[in-house]
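Dear colleague,

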Amino acid sequence: MQNDQSPSQLLKQGLWQENPVFRHTLGICSTLAVTNLVVNTLVMSAGIIFTLSMSCVTVSLLRHITPMRTRMMAQTLIISSYVIVFDILIQAYLPDISEALGPYVGLIITNCIIMGRCEAFARENPVFPSLLDGFAVGIGFSLVLLAIAVVRELLGFGTLLGFTVMPDGFTPWTIMVMAPGAFFTLGIYVWLVRSFSMQFDKK
Amino acid sequence: MENLNPGTLFFAAIFTNNILLTNFLGLCPYLNMSRNIRSAFGLGAAVVFVMTCTTVINHLVYYRVLVPLHLEHFQYIVFIIVIAAFVQLVEMVVERYFPALYFVLGIFLPLITVNCAILGASLFMIIREYTLTQSLAYGAGSGIGWLLAITLVGAMREKIQKSGMLPKGLEGPGITLIITGILSLAFIAFSGMIQIQ
Amino acid sequence: MEAVVIMKSRFYSVLYMFLLTFIFTAVVTVAKIANQDRILNNQHAKLQRVIFKVLHVPLRADMQADELQELFKERIRVSEVEGRTVYTAFAPIGETVIGHATSLNGPGFWGPIYAMVGVDAGGTRITGIEFYKQQETPGLGARISEQWFTDQFVGLSLDRAQEDKAFFSFTYPGRGKVSGELDAVTGATFTSKAVEKFLNRELVFLRKLADNNDGTMKNAE
């Protein structure tokens with residue numbers, strides 16, 4: 001099952017056609033919680049992209065020598081190691097954000113997208129396309145997270161990246177910062193994207 | 001967290017701090033397996049069992065093995081391996097000795113390793129400095145809370161499916177997310193019920 | 001013949017996993033060791049900033065971790081009182097004590113809340129408070145870390161007529177205030193109650209610091 005798509009096709013696929021959140025509603029569990037602030041979301045996205053790309057590359061590099069029966073265990077090991085490395089890096093360079101993200105960095109391990117891409121693509125494809133695939137899916141995923149975070153921070157705190165942007169009389173919608181806000185925002189996004197793409201596909 | 005009553009923690013984990021409705025953990029299986037009550041309940045029951053046991057095991061592993069050896073930074077890897085091994089073990093035992101139970105729960109067990117709520121419960125227990133009893137209460141409570149949430153939404157989705165009144169784009173995950181938002185809002189109301197100590 | 005192949009492959013699988021585990025454990029350990037000092041420095045710097053803030057020791061905005069460390073050594077002496085770590089700040093010149101700080105903690109809504117509390121040299125008034133470690137809900141309970149909330153504690157008297165009376169209590173924001181009544185965080189009743197409970201229990205400790213006020217503390221590192 002070799003894949004012979006061009007790099008641009010791979011990118012487009014990761015960003016839109018195979019977008020993990022809109023198409024399969026996968027991988028949001030561990031990340032939705034940090035979408036109440038744009039800064040946290042950016043760092044979390046960086047973590048996902050890093051782990052996803054590196055894991056895909058590693059799985060692809062080892063694809064000829066990995067025995068079938070232990071491949072899931074091997075993938076878990078690879079993914080967890082990269083997550084720990086990322087965790088150590090942000091503890092060292094971005095201590096405040098590291099504290100704000102708390103256990104959610106560790107939960108990247110159980111993010112279904114990462115193992116999903118390793119299983120579905122990297123396991124059977126050469127290194128470069130695997131890197132590209134992991135990167136594209138990671139970016140597509142991060143854009144959705146950012147879209148949620150912008151709405152939640154803007155309405156919930158009246159700020160963007162910590163700067164006040166709403167006028168003085170604005171009352172923050174605290175509900176947007178809390179859990180229901182995330183569910184509603186994502187629900188409405190999924191609805192919009194699905195309706196839009198259905199019309200798009202008909203034409 | 002020396003002075004938090006495990007009983008309070010147990011109920012708080014089910015209602016006010018529901019792991020799915022306030023921490024978003026375990027959302028993937030929740031969205032994809034909640035089409036009807038039967039499978040929702042089956043998966044939920046398996047989660048309760050695994051979560052309770054792995055939280056306790058991970059607590060012991062962390063404080064008895066990792067801390068004395070100063071290997072705390074390996075906690076993610078160790079926890080996920082403990083969970084995977086435990087699920088595998090349970091699957092083998094259930095298949096061998098309780099075939100009837102295996103028939104009901106068996107297909108859900110492999111799904112559990114990648115359920116972030118399980119790993120999440122272990123990580124929260126460490127970061128919130130729970131004692132062993134508190135961890136047991138927290139693990140069991142979080143599992144039951146997850147079961148409650150997925151069963152509720154499974155029931156609602158069944159009804160909605162029958163009514164057939166939804167716009168096309170909202171079907172499936174869209175409406176499930178919005179129902180979950182309302183559920184989560186409803187569960188916030190429980191926070192007045194539970195007092196510290 | 002087939003059995004040999006299976007044996008071989010099983011052995012190979014084990015060997016493969018063993019090597020992979022070895023390699024990745026090594027990678028993680030190297031990353032940890034390479035960054036350990038930095039992580040520790042970050043943690044120290046954070047705590048030092050908090051201590052300076054509650055004791056009103058002025059800091060430049062662009063201070064690096066090593067400069068903080070230097071200033072900390074110069075101005076703060078660390079001692080143990082009843083098993084707790086107490087940070088005593090001295091005036092820039094001389095042996096005058098300007099205040100003490102210590103870390104207090106109690107259970108919050110999601111996890112433990114840690115507060116660094118500063119008190120004046122006589123142990124009579126709070127000079128500052130910072131909730132430096134907490135996992136409360138963002139936008140609700142987490143607002144206890146905001147300036148308007150912590151500023152309310154500045155100047156709070158630690159004298160009280162009866163032993164069982166609380167040092168302070170929270171009321172709804174905007175109500176008429178008598179002394180010792182502070183604004184709670186709107187919508188975060190639980191967190192506010194938790195803070196009220198543990199601070200009222202623990203603040204007594206700060207009054208004991210007045211007795212440890214002499215210059216001998218300076219050498220009790």
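The notes below take up chain C and then the interface of chain B and chain A.

Please keep in mind that this is a predicted model, in which local features need pLDDT of at least 70 and side-chain atom pairs count only at pLDDT 80 or more, while totals for chains, interfaces and linings use all residues. Residues are numbered from 1 along each chain as its sequence is written, chains are lettered from A and ligands numbered from 1 in the order in which they are written, and side-chain values use heavy atoms, with hydrogens and water left out.

Chain C holds five helices and seven strands (DSSP runs: H or I of at least four residues for helices, E of at least two for strands, numbered from the N terminus), and along the sequence they follow the pattern α-α-β-β-β-β-β-α-β-β-α-α.

Between chain B and chain A, 39 residues of chain B are in contact with 39 residues of chain A, contact meaning heavy atoms within 4.5 Å. The buried area there is about 3200 Å², with carbon and sulfur atoms giving 83% of it; this is the accessible area (1.4 Å probe) that two parts lose on being put together, summed over both. On the side of chain B, B:Phe24, B:Tyr76 and B:Leu177 lose the most area to chain A, together 22% of what that side buries.

With regards
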